[in-house]
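Here is a walk through one chain, from its overall build down to a single side chain. Have a look at the model first.

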Amino acid sequence: MDIYVRRAERGDVPQMLSLLEQLDALHRKSYPERFNSHKKGGRSPHSLLKEMVKPSSEFWLAVRSRKVLGLAIFMHRQVTQSSLVKSDNFLLLDMLVVGEVHRRKGIGKMLIKQARKRAEEEGYSRIVVKVYEKNQGAIEFYEKLGCKTLTRNLELRLND
């Protein structure tokens, strides 16, 4: 059976949590000073469901035979015009994760294609992607798709 992209539903939460755990494990390894250990909990089904019902959020899945292979979380964002910046509406790709055994098979590209489709449907002129600096694989993936660095957040740790 072919892989297809669809909106997430309540019943998908356990598989989504499993995928997000893979992403969270990468973040814990790369940024132990920022992320709690796995033993301290993590995401709950309740917290994920709460995020799914927000009108500004969209959860999209890449699926084959009812198995969730990838997840993308989009957020609709608005910037209000000020004396300095123009008003702007855009789609934020907050998270994208593909199961480890399913990577490099075009699933991430399918989810990005869905993000582009949604952004165009909303009349947005851009998609902003959130990615941690140490996630070099993700950065290279997005750059191959044409993404360019817009801003960087730097941090000065005060307790080191």
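What share of the contacts in the chain with a separation of 6 or more comes from residues 24 or more positions apart? The figure is 63%, where contact means heavy atoms within 4.5 Å. Before going on, a word on ground rules: this is a predicted model, so local features need pLDDT of at least 70 and side-chain atom pairs count only at pLDDT 80 or more, while totals for chains, interfaces and linings use all residues. Numbering starts from 1 along each chain as its sequence is written, and side-chain values use heavy atoms, with hydrogens and water left out.

**The overall build**

The chain has four helices and five strands; these are DSSP runs, numbered from the N terminus, with helices being H or I of at least four residues and strands E of at least two. In sequence order they follow β-α-α-β-β-β-α-β-α. The radius of gyration is 17 Å, close to the 15 Å that the globule rule gives for 160 residues, so the chain is as compact as a globular protein of that length. (That radius is taken over C-alpha atoms, and the rule is 2.2 Å times the number of residues to the power 0.38.) Buried residues make up 36% of the 160; buried means under 20% relative accessible area, exposed over 50% and partly exposed in between, with a 1.4 Å probe and protein chains only.

**The sheet**

Five strands form an open sheet in the order β1-β2-β3-β4-β5, with mixed pairing. β1 (4-7) and β5 (127-129) stand at the edges with a single partner strand each, so one side of each has no neighbour in the sheet. Two strands count as paired if DSSP finds at least two bridges between them.

| Strand pair | Sense | Bridges |
|---|---|---|
| β1 and β2 | antiparallel | four bridges |
| β2 (57-64) and β3 (67-79) | antiparallel | eight bridges |
| β3 and β4 (88-98) | antiparallel | 10 bridges |

Val63 has Val68 of β3 as its bridge partner, and Ala72 faces Leu96 in β4. The hairpin of β2 and β3 has two residues between the strands, and Ser65 there takes a positive phi near 50°.

**The cores**

Where does the nonpolar packing sit? The largest nonpolar core has 21 residues, and those with the most contacts inside it are Met16, Leu48, Phe59, Leu61 and Leu71. Such a core is a set of buried Ala, Val, Leu, Ile, Met, Phe, Trp, Tyr and Cys residues joined through side-chain atoms within 4.5 Å. α1 (13-30), α2 (45-52), β2, β3 and β4 each supply at least two of its residues, and α1 gives the largest share, six residues. Met16 touches Ala8, Leu48, Met52, Phe59, Leu61 and Leu71, not counting residues up to four places away in sequence. A second, separate core of 17 residues includes Ala72, Ile107, Ala115 and Ala119.

**A buried glutamine**

Is Gln114 buried or exposed? Gln114 is buried, with a relative accessible area of 10%. Leaving aside neighbours within four places in sequence, Gln114 is in contact with Val5, Trp60 and Phe74.
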